[in-house]
Amino acid sequence: MNAPNSVAVDGSDNIFIADSGNNLVKEFLAAEGYTSAHLIGSGFSDPNGIALDASGNVFVADTTNNAVKEVTAASGYTTVIPIGSGFAQPYGVAVDTSGNVFVADYGNLAVKEILAAGNYSNVVSLGGGFSFSGPQGGPTGVAVDSAGNVFVADYGDYFVEEILAAGNYTTVRSLSGDFKDPRNVVLDSHGNIFVADIYGTSVKEMLADGGYTTILTLYGGFKNPAGIALDHQGDVIVVDSGNSTVSRIMTQGANFGNVPVGETSPTNLAISFYLPSTITIASPSVLTLGTGSLDFKDAGTGDICTNGTYPPGTYNAGSTCTVNVSFTPESSGSRVGAIELTDSSGNLVATSYLYGTGTGPRITFGPATNITLASGAIAPSSVAADGSGNIFYADASAGTVTELLASEGYANPHAVGSGFNAPSSIAIDGEGNTFVADTGNNAVKEVFATGGYTTIASIGSGFTAPLGVAVSGGGNVFVVDSSNNPIKEIPFLGGYVSTYSLGASYTNPSGIAVDATGNVFVADAGTLKEIARTGDYTNTDPLATGFDPSSKIALDSNNNIFIADSTNNVVKEVLATGGYTSVNTIGSGFNALAGLFVDGSGNVLVADKGAHAIKRLDTVTPPTLSFSSTAYGSTSTDSPKTVTVTNAGNQPLTFPSPLSGSNPTISDQFSIDSASTCPVSSSTSSPATLAAGTSCKELLSFTPTQVGAISGKLTLVDDSLNAAAPNYANQIILLNGTGSMAPPTISFSVADQIYGASPFAVTATSNSTGAFTYSVVSGPAMISGNTVTLTGTGSVTLKASQAATSQYSAGSATTTFQVSAGTPVISFSVANQVYGTPPFTVTATSNSPGAFTYSVVSGPATISGNTVTLAGAGSVTLQASQAATAQYSAGSATTTFLVATATPAISFSVANQVFGAPPFTVAPTSNSPGAFTYSVVSGPAIIAGNTVTLSGTGSVTLSASQAATANFSAATTTATFLVTEGFTVTATPPSATVVPAGSVDFILTVAPGKGSTFPHPVQLTATGLPNDATATFSPTQVPAGAGTTQVKMTIQTTIQVAREQHPRNSPLSPITFGYLLIPGFFFKRSRQAMRKLPHLLLIATLSLTALLLTTGCGSGLQSRNQDFTITITATDTVSGDSAKTTVNLHVQ
């Protein structure tokens, strides 16, 4: 460039420069690192002013051409359009929000407006026609605020003037004359004016607070600062016409940008200080959160100052001194620091804030390990830490702020400032200074690290009970104020004088945090909100909801938000990646959480007010997991334990592939659950990654396979903080557990039984090898070994007891089963019967002793008791019902038998007949009621019905056929009889008399019937004879073929016949018998019988005499007459035919 005189910056921080000496307008793109120039339009001559509208159109004060021109963005900055007219050497331009263009018309000593309405054809002069004075007086720079007020750099008159929009730009105010030829002006969103004081070689700020009476020199080391602009961060961009350079005054601190963790920034930042007065300074201090030699370091290559020396030394007024700073981030995310210049007495002369971003993955673990760092008589309301790990806390109850040194083990309190009243919040800047929300004093205060935290200064103003404080990487302080505009900023630029309200739409903010670049995060009534620095903090965007309404918050280096949830006493992390939608609980068990802070490593410090303690949630050190004592072979009851692995960095976390096996690895007896979500790499896979700002879960379980203390580990190999091969980071999660003797898992069951079952074996199973013994706990059973014998019905409980082994303790299990009553096994059968069988008994048998009763289910039978009476033929079903007993249920069985029809028992006989006898009937008898029919089988007879008519002599056989009935079968029987001619027998005399021992003869005449001879021999017999009498026949029989024959029958009696048949009736009378007993009676009755023997003999004699008198004399027997009827029978010895006659025998 050649003598550039003006600069403008768009919303993307692209820089547009009026390169006056080259008659060009150029654009330098931020995306290209401002290394290449792109021409904007053409045809310019000594362009001195440049401005942009909201659409990116470029307006140029083309000085030598006495014109103002627009270069349109839509044409790619190729179309140049002159706007307005009548200008003479225009030097400066500005554009308001409506597109109206304001011009510093130096040659006409006027300020003019080119109205957008009318397509920039109307030009209006502002300021009521005032004229600029001074030898070279005239407007060279112009700016316009949001209200339309116009601010003018009055070059040569040393003033900055304001033309008020109110009154139609007729009122002009001179704001200050403390300049040496102000060349250009620019405004920030708060109305502060930044001035390029070209011959004052400096850039200055006029503070709106106080009516622009406070003027600060931002930097005085330029040669001819001619042009000035603000980027979106609020940094001041300056073009130095004398040096033909473009510089940035970092009002928000010096930003190194992105540098990989562990690497040093490729170029050092040269931080120049302007020394307005002669001063002796000490060596500069380059600090990270108040601690030297960490992320930010003095490179030791600062330039030679204007007096020719390098610090330390004495510097003349107006000198500049440059400190070269390197940045080697120790962790991922934002890193903040500062450069301090102090005088030889240690007094702070100047500060420049530093910040940058370390890029790389950073692993953290949850749940965090909760470590108490300090406790006792404290009630911390807020906590913070510097780069050395020293802890600062505010105690609202005590009204103090205290530092605890890490080097002292946080044991000794050191006062930080004094005079506080209920301080509720603190923050630490990159220099190590402590900022305090002094709630009770309605103030915000800074306690300077320089001097050992003894110097206190109030900053800003207008607070009402401030509740929270935070500080950005550029040193700007942000406050939660309980006044009507609760979120406020106290900018470092200007020396913490001004106080600005930020954003809008708050309900009840309780917590505040700010990132290194100045983006502000607020906890407002349970909603997390962001007030972005872009847009000058005018927009408030909600991020996430549903949190504790009184939450305090903190940010880590990658803008993840940590919340102190005082209602639930937990600490939560809300991940930035994904738009603050993922929430992890990283710590719990607190008591009235009051505040928290995230240190540079990612650990969280907690003000546990209710527990009177400062605690650290260590998320960086891998946790140690201790599992509950667990039985051998079992998985612990607290398995799986969850470890949340988070990539809290800003680059992917890589898990490299191992040479063998997998990554991660875990020790034996511990395992990674399949539900784990963390990536796994293996020797056969590509490296696994975990995206920045995301989490995964390792679910770990403990299953001991031995007894005793067991230690192991889970090892994750990764590239956290940019670790690289062969020195990858090893994250080791220690795992501890104890394997105890396991109670055996015994399975023991017995199916329900039925009484009467045979003895059976039982077997328990187990994961232990211990021997089993069995016993009966209760119930009707006994057991021998493992064989159970049932002794009754009911509930039986058995126990299986297992002996201990080296891995398993002794154990037992019981099982209960029911023994139900047995079903009796009844045997009941009856053989088939034949009708007519006499009543018979039936008997069922069973294994039950229950009594039987019997019944007829069906069929022709009756039963009484167990005696069956058949009532007919057919099928008979009997039931034997057995009564229940204690061991057997009632039961029954049936049996069916057949009753066959009976063969009738027919009795059929016919007496021999004599031919010529009249017809006669036959009548067989039978146990069957079946009807009879008759027939002649053979012989001389005919039969009609049952009447037989003889037709001759001979043997006749008749057949009697009985019809079948329901109970009897049909049957036939025969009867055979002889039909003879017949014969007669007569006796003469018909009677006779005989004496005992005498004989008498009778003549018997035996005559054949119709024939003349006997066909067969005839035998004669006599019956009815007296005792011992005999009858003899002569001849002894009638021979066959004989005719009528006379036979003599002689009856011989004996002498005894009459006596034997008729004894005399002379019984021994009772009286006589009584006499015979008298002697014995007396003998028995008297013991003196022997002495009275004569008397007894006398009595016996008398008794015998009485007996004789009673019975009489003689033999005792007598004879008398008697008649006998004697029957003589003549019998055919073949046919059995016979004839009879009788005779009378008188025994005299």
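**View 1. Asn442 sits in the loop between strand E41 (434-438) and strand E42 (443-447).** Keep in mind that this is a predicted model. Asn442 isn't a glycine, yet its phi is positive, near 50°. Its relative accessible area comes to 38%, so Asn442 is partly exposed.

**View 2. Gln669 is another non-glycine residue with a positive phi, here near 80°.** You'll find Gln669 in the loop between E64 and strand E65 (670-672). Is Gln669 buried or exposed? With a relative accessibility of 17%, Gln669 counts as buried, because the cut-off for buried is under 20%.

**View 3. Asn663 and Pro664 are joined by a cis peptide bond.** Omega is about 15° for this bond. Pro664 belongs to the loop between strand E63 (662-663) and strand E64 (665-666).

**View 4. A cis peptide bond also runs from Ala725 to Pro726.** Its omega is near 0°. Look for Pro726 in the loop between strand E69 (708-718) and strand E70 (729-740).

**View 5. Here is the largest nonpolar core, with 29 residues.** Val383, Ile391, Val401, Ile426, Leu605 and Ile614 have the most contacts inside it. Several strands each supply at least two of the core's residues, among them strand E36 (382-385), strand E38 (400-404) and strand E57 (604-608). Which strand gives the largest share? That's E37, with 4 residues.

**View 6. Zoom in on Val401 and its contacts.** Setting aside neighbours within four places in sequence, Val401 touches residues including Tyr393, His414, Phe420, Ile426 and Val436.

Methods:
Residues are numbered from 1 along each chain as its sequence is written. This is a predicted model: local features need pLDDT of at least 70, side-chain atom pairs count only at pLDDT 80 or more; totals for chains, interfaces and linings use all residues. Side-chain values use heavy atoms; hydrogens and water are left out. A nonpolar core is a set of buried Ala, Val, Leu, Ile, Met, Phe, Trp, Tyr and Cys residues joined through side-chain atoms within 4.5 Å. Buried means under 20% relative accessible area, exposed over 50%, partly exposed in between (1.4 Å probe, protein chains only). Contact means heavy atoms within 4.5 Å.
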